[in-house]
Amino acid sequence: MGQSLSEYLRMKVHPHIDNNQWSRIVVKGEHQRDPSVVRISSIEKKDKPFNWQRPTASVVGSKTLQLHCFPGVDYVQHYAAIVATYLSLKRGQQNIVQYTLPSQHQCLEPLLSSNLAEMDAVDIVVVGYVHGLERWTRGPWEGSGSNKLFSWKKITSRRGYRIAFLGCRVSFWGDVAGNMIRALQRLNGARCVLYVGKLGSLRAEHVPNHWLATGCESIVRNELVTWPNPLEPHLEHSPRVGHGVHCTLGSVLDETKE
């Protein structure tokens, strides 16, 4: 990440990390936001409707800090790497960060018990930067308030497809996204999920915010995954659409220039 690394880490770590000289920091997969149990980060970005909830903190004894991430294997490892890198750069501390990976049941449970079931049956779900799609998302969001995981807006297409624009207040990082799709299939019968977001390109001619990217292949955990891309017929002739293989990593800290 080069020169942007320090600022990236500062924005991500829970402020309570700097409030003590901890002898042990444990990162675990647990969605816990009860203010009587945990300390909610004071730097959460509440100026946006989605993707603003961040890991919370609790103290065990006098020298152990627990950090509670939304359960996902990639997310727990990613956040542990953030904290360890931050402490190493700022204080020269090493080897005090540990993590406990959640089971698949622990990863799915908060999604299956969330307010997703209230959305009822849908055919197509659009996730990611949905609040920026103002052409289709005007008006109030459904979903019972900001203390819930999800909010949504639903429309019916001319062909009769039930389409939901689904916003998530936590970061569905890595395998959290896969588990969210499993929950959408189980609870809502979703047949197609489209993600709208941002990504980087290795091609210098791809000017940021001037191009769209799409494809039908992704490298996940060193394996090539292929799927039918429903957008391909509508985008194949556009001069501002890049087509390629998407590469995903468990953490941006794993990225290199190679």
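1. A residue counts as buried here when its relative accessible area is under 20%. With that cut-off in hand, look at strand E7, residues 162-168: six of its seven residues are buried, so the strand is largely enclosed by the rest of the structure. One thing to keep in mind throughout is that this is a predicted model.

2. Who are E7's neighbours? Strand E5 (residues 124-128) runs parallel to E7 and is joined to it by four bridges. If you want a spot to check on screen, Val125 stands opposite Ala164 in E7. Strand E6 (residues 150-156) also pairs with E7, but in the antiparallel sense and over seven bridges. There, Ile155 stands opposite Ile163 of E7.

3. E6 and E7 together make a hairpin, with five residues between the two strands. Gly160 sits in that turn and has a positive phi of about 90°.

4. Next, the sheet made of E10, E9 and E11. These three strands form an open sheet in the order E10-E9-E11, with mixed pairing. Strand E10 (223-226) and strand E11 (241-248) are at the edges and have a single partner strand each, so one side of each has no neighbour in the sheet. From one strand to the next, the twist averages 40°. As for the pairing of E9 (residues 212-220) with E11, it is parallel and takes in seven bridges. Glu217 has Val245 in E11 as its bridge partner.

5. On to the aromatics. A pair of aromatic rings is described by the distance of the centres and the angle of the planes. The structure holds three aromatic pairs, and two of them are worth a look here. For Phe50 and Trp141, the ring centres are 5.0 Å apart and the planes stand at 80°, so this pair is edge-to-face. Phe50 is in the loop between strand E1 (24-29) and strand E2 (56-60), while Trp141 is in the loop between E5 and E6, so the pair ties together parts that are 91 residues apart in sequence. Phe50 counts as buried, at 3% relative accessibility, whereas Trp141 is partly exposed, with a relative accessible area of 27%.

6. The other pair is Trp136 with Phe165. Their ring centres are 6.4 Å apart and their planes are at 15°, so the pair is stacked. Trp136 belongs to the loop between E5 and E6 and Phe165 to strand E7, so this contact ties together parts that are 29 residues apart in sequence. Trp136 is partly exposed, with a relative accessible area of 39%; Phe165, at 6% relative accessibility, counts as buried.

7. Two backbone spots deserve a second glance. Most residues other than glycine have a negative phi. Asn209, though, has a phi near 70°, a positive value in a residue other than glycine. Asn209 lies in the loop between strand E8 (192-196) and E9, and it is exposed, with a relative accessible area of 82%. The other spot is Arg221, which also has a positive phi, near 50°. Arg221 is found in the loop between E9 and E10, and with a relative accessible area of 55% it is exposed too.

8. The largest cavity has a volume of about 90 Å³ and is lined by 14 residues, with His31, Arg54, Pro55, His68 and Phe70 nearest its centre. Those lining residues divide into five nonpolar, six polar and three charged.

9. Among the residues lining it are Met11, Lys12, Val13, Arg54, Pro55 and Tyr79. By class, the lining splits into five nonpolar, two polar and two charged residues.

Notes. Residues numbered from 1 in each chain as written. Predicted model: local features only at pLDDT ≥ 70, side-chain atom pairs only at ≥ 80, totals over all residues. Heavy atoms only, no water. Pairing = 2+ DSSP bridges. Axes fitted to C-alpha atoms, helices over the stretch in contact; angles between N-to-C directions. Buried < 20%, exposed > 50% of the residue type's maximum accessible area, 1.4 Å probe, protein only. Phe/Tyr/Trp six-rings, centres within 6.5 Å; stacked < 30°, edge-to-face > 60°. 1 Å grid on protein atoms, 1.4 Å probe; cavity = no way out; pocket = protein on both sides within 12 Å on 5 of 7 lines; lining within 4 Å. Points joined across faces, edges and corners; volume = space filled by probe spheres on them. Nonpolar A, V, L, I, M, F, W, Y, C, P; charged D, E, K, R; others polar.
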